[in-house]
Number of protein chains: 2
Amino acid sequence: MNRRVTMASRPAGLPRESDFALEEAEVPSPGPGEVLVRTRWLSVDPYQRSRMSTAHSYAKGLELGDVVTAQAVGEVVESNDPRYEPGDVALGQLGWQDYAVARAGSLRQVPPGIEPQLALHVLGATGLTAYFGILDVAKPVPGDTVVVSAAAGAVGSIAGQIARIMGCRTVGIAGGAEKLEDVRDFYRFDDAIDYKSDDVREAVKNACPDGVDVYFDNVGGEISAAVHARLNVGARIAICGQVSQYNLERGQPTFHPATLIVFRARMQGFLVTDYPHRFGEAIPRLARWVMNGDIRYRETVTDGLENTPRAFIGMLNGENRGKALVRVA
Amino acid sequence: MNRRVTMASRPAGLPRESDFALEEAEVPSPGPGEVLVRTRWLSVDPYQRSRMSTAHSYAKGLELGDVVTAQAVGEVVESNDPRYEPGDVALGQLGWQDYAVARAGSLRQVPPGIEPQLALHVLGATGLTAYFGILDVAKPVPGDTVVVSAAAGAVGSIAGQIARIMGCRTVGIAGGAEKLEDVRDFYRFDDAIDYKSDDVREAVKNACPDGVDVYFDNVGGEISAAVHARLNVGARIAICGQVSQYNLERGQPTFHPATLIVFRARMQGFLVTDYPHRFGEAIPRLARWVMNGDIRYRETVTDGLENTPRAFIGMLNGENRGKALVRVA
């Protein structure tokens, strides 16, 4: 049988476990050109929350009863496409379930020799998001002050480390003593701000005596407003996420566009899914940085598909340390 | 004697004539390297309103009793610098007054053969603002749909015409039947929206069946929110002004940065004062477009320095048709 986690009701605010249902269904059969994959690892990410709301977004939202969207890596069980054979490890949008059928062309091979779950974070979507957000959108130059929000998170921690590799001074914003320690000591940001205990406006001012050249924004809202107040002329703001807004019934406008005139600044949104033509450049560079220790990562692993909603809610609550993953089998 | 219009009290909301005072002072004497200029034409512009508030901006605000900041063209009366001699026509930040002393290096010669007031708009700051906002910030390509707010205004009308020259489909937003007629028939936008009588969201949808590739924004607020809802992937928003905010005691945040993720869009602020190194490229191109009829302009002229506050308030109220100017002498 195939166990599947579906959206049972549309969450209001922070999702509850009762918003999800664990269902059983037949294991699906792959058609021509399709592959059946057994999930090994799956990813819980902030963007999944926005798929659960009815607000306009870049992707189709979930309907009640749909399996929750997620990237996962798994083992090919059956293949009707010459590109895959049983035993291969593949990455795809497989969802929160034990088994999924996917078009072979929508999957990517995970090469042997790397831990497969790395394809879900540092060598996958989160690493690539950080890579293109920093290098293609924010484009920092050596000496720039780069501020990252959600800096202990899966994307933010890598964004900060890539900026550090580029010769920038990096300042991370995160919540709580444990995450601050990660930001400062493990991910080696030059300075760290605790949005839960610091006066963020004052702290940004102190941590960025030369102002802010780049802001890699995962959160939006009040934290971001504090950073906007310290921008330099010519600053670049990469909008990666706005997690402070995802649990709101109706997001509040949080930004004064006139700020961009004052600082002749640029604010730009991006999606990693727009860069597949450059994954072949980015993944080997990320892999090299992981191998030589320039990029470090942490994982918070939850065991069991049935515990995925709990892992997801915990991640939205900031309980994870590094990339939140579910080990399915 | 030198008559000067000063800020007598800080305006709350829309300025009133009583916020300004007409004072008399000695005609100043130029020191070494300085020039005395007698004002002929001066400019009233939305940015002057923001100089009157205490909000953080890109330029120093006015103090009570200061002559109001303004670009003006005038005739050189006395010169202590070899670059100018009496009778020359010069452009500079001379303020709302009959006479001003300026460093020769801060002035620009207005060549004989053009009407001198054109150096205050289509061949000066407003034309250059439109030029760099469209060509350097928004970067439209032929076939793009370009929406301009305050499209009957001094900057917006030129921005739309430059986009038209670039082969774009242009849609102008303005208020009232007379301005709509200007936008459509005189400035030759492909379509026009009346924010005073149309449902702006519906009207943007109808006027932009292929979505919005470029938004040249002079206003912010609700009108801009209606445009943001129809952006295309990869859209560019040039933030030229946010005049809907200038009269507010405290501007409201009006924008959801998450919009930029949805459309992988870029929002960028700019100031014409950052482009002096490119004026030599831009002014001859603007002049050529004016000469061959590709760029048309209108002027609303008020006579008399003493009527400058009224002209300024009328411009903020949208009573002018085209560039608002004061003829001083």
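1. Basis. The model is predicted: local features need pLDDT of at least 70, side-chain atom pairs count only at pLDDT 80 or more, and totals for chains, interfaces and linings use all residues. Residues are numbered from 1 along each chain as its sequence is written, chains are lettered from A and ligands numbered from 1 in the order in which they are written, and side-chain values use heavy atoms, with hydrogens and water left out.

2. Extent of the interface. Chain B contributes 28 residues to the contact and chain A contributes 28 residues, where contact means heavy atoms within 4.5 Å. About 2500 Å² is buried between the two chains, and carbon and sulfur atoms give 67% of that area. Buried area is the accessible area (1.4 Å probe) that two parts lose on being put together, summed over both. On the side of chain B, the most area is lost to chain A by Pro257(B), Ile261(B) and Arg264(B), which together make up 25% of what that side buries.

3. Two salt bridges are counted between chain B and chain A; a salt bridge is a side-chain nitrogen of Lys or Arg within 4 Å of a carboxyl oxygen of Asp or Glu. Arg264(B) forms a salt bridge with Asp274(A), with the closest N and O atoms 2.7 Å apart.

4. Elements at the interface. Helix H8 (258–262) and strand S13 (266–269) of chain B each supply at least two residues of the side that touches chain A. Helices (H or I, at least four residues) and strands (E, at least two) are DSSP runs, numbered from the N terminus. Strand S13 (residues 266–269) of chain A pairs with S13(B) in the antiparallel sense over three bridges; two strands pair if DSSP finds at least two bridges between them. Met267(A) stands opposite Met267(B) in S13(B).

5. Salt bridges overall. Over all chains, the count comes to 36 salt bridges. Glu178(A), Asp182(A), Arg298(A) and Arg321(A) are linked in a network of salt bridges.

6. Glu63(A) and Arg10(A). These residues form a salt bridge whose closest N and O atoms are 3.9 Å apart. Glu63(A) lies in the loop between helix H1 (47–51) and strand S4 (72–79) of chain A, and Arg10(A) in the loop between strand S1 (2–7) and strand S2 (20–25) of chain A, so the pair ties together parts that are 53 residues apart in sequence. Glu63(A) is partly exposed at 45% relative accessibility, and Arg10(A) is partly exposed at 31%. Buried means under 20% relative accessible area, exposed over 50%, and partly exposed in between (1.4 Å probe, protein chains only).

7. Arg278(A) and Asp136(A). Their side chains meet in a salt bridge (3.0 Å, N to O). Arg278(A) lies in the loop between S13 and helix H9 (279–291) of chain A and Asp136(A) in helix H2 (residues 125–138) of chain A, so that the pair links distant parts of the chain, 142 residues apart.

8. Arg40(B) and Glu75(B). The closest N and O atoms of this salt bridge are 2.5 Å apart. Arg40(B) lies in strand S3 (residues 34–43) of chain B and Glu75(B) in strand S4 (residues 71–79) of chain B, so the pair ties together parts that are 35 residues apart in sequence.
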